[in-house]
Amino acid sequence: MKIITMIVLIALGLGGESFFEQARIYRGVKALEVRLSSPEVANGHTLLFECIPKTIDTVFNLTVARDTTALILYAHPTEPSGAFSVLVGIPYYAKLRSDTIHVEWTEMDRIYDRSLPFQIVRGPYKSEVIRGVPQSRVTPSAADYRRIARERRIIGEAYIAIRDSVLMDATFSYPVEKQTITSEYGTRRVFNGQLRSYHGGLDLRAYEGTPIYAAQSGTVKLSQNLFYSGNHVLIEHGMGIHSSYSHMSKMYVKHGDWVEKGQRLGLSGATGRVTAAHLHWTVNINGVGVSPLQCFEVLNTLFKTPNAALRKEKR
Ligand SMILES: [Zn+2]
């Protein structure tokens with residue numbers, strides 16, 4: 001039937017967006033509401049796509065793609081059944097360019113499509129100049145390198161999403177009680193005038209022994225000592241979201257545990273490659289490390305609960 005429709009369109013010299021728009025207006029049906037959280041998104045930030053069918057029985061074969069890659073649709077956490085949401089994490093090193101999310105669906109044997117353009121812009125990141133650190137102190141030994149390689153594989157596997165459902169039922173929160181940011185996500189590390197790396201997490205002040213809490217409920221995917229991250233807990237929350245907590249002195253959860261939002265994961269410390277106790281907190285969207293605060297701000301809009309704490313910190 002689809003093929004016949006397409007042939008008819010070609011024969012009539014019609015097609016393209018204008019025909020579909022007219023068809024939709026003619027039939028008086030707006031079957032699908034699609035929206036992006038913003039027409040602009042910075043590198044290292046998260047974009048939220050929502051798709052809410054108005055007439056659930058008439059929409060079929062819904063696909064959402066970015067370029068040629070199909071995105072995984074997750075059941076929308078707050079809208080009625082049939083609604084979907086997708087988070088898109090923009091890599092820190094992403095090219096600043098125009099991009100598009102394409103939506104396609106079938107309704108009464110016709111294929112409809114919508115394009116939602118967005119622009120990737122430069123994030124609001126500061127630079128930090130790294131002063132000369134003796135090489136002997138930063139270069140790991142051969143045995144350390146073997147350990148780092150082994151751990152890299154373990155970490156990679158832990159980030160493979162196992163959840164296809166949304167586990168969230170409330171807004172995200174800070175993993176420590178007193179929220180003092182000591183190093184922001186995305187801070188550029190410049191050495192000899194060249195960009196060497198960037199800070200892939202958010203550092204929060206947490207003196208030795210400060211309780212660390214789960215920012216959201218989820219499944220513990222990793223709870224072990226790592227060369228760089230020290231005692232490290234990784235949680236999968238669903239919707240492709242992972243959060244991690246590093247450098248702890250004590251861990252109270254183990255691999256496979258279910259944790260509730262606000263549950264104590266451990267105590268802060270200075271384990272791993274650090275000079276002083278603090279919490280290094282990361283958030284990852286489908287394998288892409290993003291700004292935890294911006295990501296949670298976007299997610300929290302789903303629950304329509306203004307998060308005063310996050311707003312304050314953003315300023
Ligand atoms: Zn850090």
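The accessible surface of the chain comes to about 16500 Å², and 54% of that area belongs to carbon and sulfur atoms. The structure is a predicted model, and every value given here was computed from its atoms. The chain has six helices and 22 strands, and 44% of its 315 residues count as buried. Among the contacts with a separation of 6 or more, 66% are between residues 24 or more positions apart.

- Strand E21 covers residues 279–285, and because seven of its seven residues are buried, the strand is largely enclosed by the rest of the structure.
- The cover extends to both faces of E21, with Leu-279, Trp-281, Val-283 and Ile-285 buried on one side and His-280, Thr-282 and Asn-284 buried on the other.
- Strand E14 (residues 202–204) runs antiparallel to E21 and is joined to it by three bridges; in this pairing Leu-202 stands opposite Trp-281.
- Strand E18 (residues 241–251) also runs antiparallel to E21, the two being joined by six bridges, and here Tyr-245 has Trp-281 as its bridge partner in E21.
- Strand E22 (residues 288–290) pairs with E21 in the antiparallel sense over three bridges, and Val-290 in E22 is the bridge partner of Val-283.
- E21 and E22 form a hairpin with two residues between them, and Asn-286, which lies in the turn, has a positive phi of about 45°.

**The zinc ion**

- The zinc ion is coordinated by His-199 through NE2, by Asp-203 through OD and by His-280 through ND1, at 2.0 to 2.1 Å.
- Along the sequence, the donor residues of the zinc ion follow the spacing H-x3-D-x76-H.

**His-242 in strand E18**

- His-242 lies in strand E18, and its relative accessibility of 2% means that it counts as buried.
- The side chains of His-242 and Lys-221 are joined by a polar contact of 3.2 Å.
- When neighbours within four places in sequence are left aside, the residues in contact with His-242 include Thr-282, Val-283 and Asn-284, as well as Ala-158, Tyr-159, Ala-161 and Lys-221.
- The contacts of His-242 also include Leu-234, Ile-235, Glu-236 and His-237.

**Aromatic rings**

- How many aromatic pairs are there in the model? The count comes to twelve aromatic pairs.
- In the pair formed by Tyr-174 and Trp-281, the ring centres are 6.1 Å apart and the planes stand at 40°, so the pair is tilted.
- Tyr-174 lies in the loop between helix H4 (142–158) and strand E11 (181–183), whereas Trp-281 lies in strand E21, so the pair ties together parts that are 107 residues apart in sequence.
- Tyr-174 and Trp-281 are both buried.
- One aromatic cluster is formed by Tyr-92, Tyr-93, Tyr-125, Tyr-185 and Tyr-198.

**A four-strand sheet**

- Four strands with antiparallel pairing make up an open sheet, in the order E1-E3-E7-E6.
- The edge strands of this sheet are E1 (32–36) and E6 (74–75), each of which pairs on one side only.
- E1 pairs with strand E3 (residues 46–53) in the antiparallel sense over five bridges, and Val-34 stands opposite Cys-51 in E3.

- Ile-181 and Ala-206 are 25 residues apart along the chain, and their C-alpha atoms are separated by 9.7 Å.

Technical notes:
Residues numbered from 1 in each chain as written. Predicted model: local features only at pLDDT ≥ 70, side-chain atom pairs only at ≥ 80, totals over all residues. Heavy atoms only, no water. Buried < 20%, exposed > 50% of the residue type's maximum accessible area, 1.4 Å probe, protein only. Pairing = 2+ DSSP bridges. Polar contact = N/O pair within 3.5 Å; in protein donor to acceptor, adjacent residues only side chain to side chain. Contact = heavy atoms within 4.5 Å. Donors = N, O, S within 2.8 Å, 3.2 Å for Na, K, Ca; no water. Phe/Tyr/Trp six-rings, centres within 6.5 Å; stacked < 30°, edge-to-face > 60°. Areas by Shrake-Rupley, 256 points an atom, 1.4 Å probe, with all protein chains shown as cover.
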